[in-house]
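Reader: I've got a few "how do you know that" questions for you. Can we go through them with the model on screen?

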Amino acid sequence: MATPLKFAVLLLVSSALTAPAAIAQEATPAPAAEAADPAAQNAIEEEAQPDVSIPGGEIVVTGRRNANIQKSAPAVVSVLSSADIARTGEGNIAGALGRVTGLSVVGSGFVYVRGLGDRYSLALLNGSPLPSPEPLKRVVPLDLFPTNIVSSSLVQKSYSPNFPGEFGGGVINLTTSAVPKENFLTVSAGVGGNSETTTSMGYVHYGARTDWTGFDNGSRNTPPALAAYWASGKRMNDGGVDTKAIGGELVNWRNGIVQRDDAIPFNGSVTVSGGAAFDLGGDMTLGLIATAGYSNKWQTRDVLQQFSASADVSTIDSNFERVSTDNRIVVNGLLGLGLEFGDNKLRWTNLYIRDTLKNTRLGIGRRNQTQTDYMQQDTAWYERQLIDTQMVAELKPFSNLSLDLRGSYANSQREAPGELSIEYVRTNAAADPFGQYFVNRLDGNRGNAEISYSDLNEDLYSFGADLSYKPLDDLSVTAGYNYLRTKRLSIRRDYQFRAPSTFPGGVDMLRPDYLLAPHIINAFDIAMVEDDSNPAFSAKLFNHAGYGKINWQITPEILIDAGVRYETAKLRVSPYQVFAVPTSSTAATRQDNSYWLPAATLTWQVNPDMQVRVNASKTIARPQFRELIFQYYFDPETNRQYQGNPLLTDSKLFNAEARYEWYFAREQRVSIAGFFKQIDKPIEPFNFVLADKVVTSFANAPKADLYGAEFEVQKYFDASMLSDADFFSSRRLVVIGNYTYTKSKLKVGANDQTTVYGASSTKASDFFRNGAALTGQSNHLINLQLGLEDTDKLSQQTFILSYASKRVTSRGINNQNQPDVYEYPGFNLDFVVRQGVTLAGRDLDVKFEARNLTNRNYKEQQKSGNNSVLFNFYRPGVTVNLSVSASF
């Protein structure tokens, strides 16, 4: 679906390379801090470090010039300041974190640290945990957080006891803006497009008039007959339910008609940010920060999806081409109040994010190596929402005593009302009088119609307290307590329409909204059945933890940060009864565990600019809620079916790392590290075939080892060495690069055992292959940023190159010894330009982005010898975006 936009990309890039010189001559020279949004801290040379507060940690750096957080922290950390985030030009924090050493983004915003999956990572907001709106995860997807609400991000890769014990790969602490140093108001707007989507053909459905806002106008509310059925507690399949009345309300022209749109719109966004500081006297300052944002983006993917059930993938048992158009609307808001008096700080932060996805898909393909064509259409509306309110107090009653308090409540929701999937069949058989036509017999064989309603709600309450005492200048002692309570309720109700064998030909060729109209349902006795085996579950996690640690500068060169955490957890996952007569076939899970988790980091300062760190620790990883419930769950986003395993247990990790760091100049460094992780009972997926469908479940593999090395460099060069032209006189070359090598392997012996609920075998080798890599782990990760930056005013031009080697996304069918499915991320090249411009006396920040300049394809492939199957293949296209920010 190429368009003239592809050719425009080349023109825009070439223009961007020459435009900065022309614009720079027009812009009024100004200090970097005044060249753009004051809240964004866009200064280059004179930039202050971002607000960073590690819960219970010894480093609290707030806007102090020349402070190097990565060097001063008692643990291994990486910091993304607002300037770092702005340089990448990313719209959400997941994309920006993908530039950090050892981090990669997999799927919909899930961050992998050093090859360990999202289950081994922990996300915090201002030091407090976050709930997840994802049915299969307890980890929040970080693409949910637009960069306009995050002022900085700290990634800690070595464990310390002040953090929760679920720390396998690392912790990501997102920090929102604090009390502003000066009043500001910034308005930003952007427009963009994609070479495979914008002005090209895609598919849409009407839905509702207000869909562009990300909020439904009520047209997707539960229909009255269905709501009454749910309230009754009856079981549809037992009879006594008027399924015709229910079915007649579910499908109409709003959700049943897939329309072709020959010109998908451009993307757009707008953001407003403001802040004010009020001097209350007596060394007391009150701050207010507010942010509101809206974005509306489109993406069309022409996807080839294949599947093979044979051991050597020599046959293609499912071969479909599906064109899918997503309209994603994100609305966000942040309101923060801060009070500073003396060395004390109080902060109240309120966050709201609503991420809505409107999906329309049309596909055609064949199954089981027949000549029969299957045409599928899907319409869906997914609402993800996060609400978070938190209070933080940083108190220092005495010079050698400090107390940090944190309390938060967060709620996440995911609603998908009326996911509609309809399939028509064309046999292409000469003996079939309707063989040349697509028909839907509504019998599950020659046609099908399904509709689902799902709702997920999760509440999370947390509290933390950290007390630090410094009896000596070179010794501090910290003790802390953390409490967490998480409650989740997930409900999914699946229904199928079923027509009798007397359903007449001709009627079965009607389009969906006619085929399932009330008068057709009543006239031809179309009934409904419900997949009522396991429709819902509830989950709870109660966690108490206490810790103690010391930070001791033993000599001027030797620092030790060591401590231990004691953590208890009660985890409950059980079926949630939606029927008056309970379903008793599903196993519940009850786990009560407690752990002692020690950690120590030794830092040796070789000289003022060089240091060596050594770290060792023990941590854990818990199963996800959905993984523990013995229910089937179909995930339409991945087109895969899952089943939980109530017999899963926690994974235990031993972590070790050695690291050399050289800070040879301000904001410049070189570091090299080696790391090792030994995992006892890692949780890994495996696949099996049930009723001609591939199902993914989970089990504890016996053991796994992961090891690797990291290299990072950040260096600036005087750009005047390139030329004597005035353009280069105040500029510097920026080189920021990192490389991570990671190797992992499962260790499965002939006599090793595992437990899978309902399985006849307990041999681990029946589920896992010895030596296989962990899911989602790439052997090689490379990030490179090459750019020019003006040290006197805002002017940046940056090329961003990233590479990830292949990684396992799904296991092959285990009992057939199939090869695994690999994703091939490959190389990706972006180009970002930011330029300060003065127009009519107003400072503007102009940003141009060009993403995926090499037009890299997305590919998941399964290979065995010369045989291969394309599990998922599509062209993401080249994306360009132009935005302008004005400060008032």
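Predicted model: local features only at pLDDT ≥ 70, side-chain atom pairs only at ≥ 80, totals over all residues.

Reader: Fine. What makes strand 39 largely enclosed by the rest of the structure?

Author: Buried means under 20% relative accessible area. In strand 39 (residues 842-851), 7 of the 10 residues are buried, so the strand counts as largely enclosed.

Reader: How do you know that strand 38 and strand 39 pair?

Author: The cut-off is at least two bridges between the strands. Strand 38 (residues 826-839) and strand 39 have 9 bridges, in the antiparallel sense, so by that cut-off they pair. For one spot to look at, Val832 sits opposite Glu849 of strand 39. The two strands also make a hairpin with 2 residues between them, and Ala840 in that turn has a positive phi of about 55 degrees.

Reader: And what makes strand 42 a partner of strand 39?

Author: Again, it takes at least two bridges. Strand 39 and strand 42 (residues 879-887) are joined by 8 bridges and run antiparallel; Asp845 stands opposite Ser885 of strand 42.

Reader: Now the open sheet with the order 3-8-9-6-7. Why are strand 3 and strand 7 said to stand at the edges?

Author: That sheet has 5 strands with mixed pairing. Strand 3 (77-80) and strand 7 (128-129) each have a single partner strand, so one side of each has no neighbour in the sheet.

Reader: In which sense do strand 6 and strand 9 run?

Author: Parallel: 5 bridges join strand 6 (residues 121-125) to strand 9 (residues 170-175). Leu122 has Val171 in strand 9 as its bridge partner.

Terms used: Residues numbered from 1 in each chain as written. Heavy atoms only, no water. Buried < 20%, exposed > 50% of the residue type's maximum accessible area, 1.4 Å probe, protein only. Helix = DSSP H or I, 4+ residues; strand = E, 2+ residues; numbered from the N terminus.
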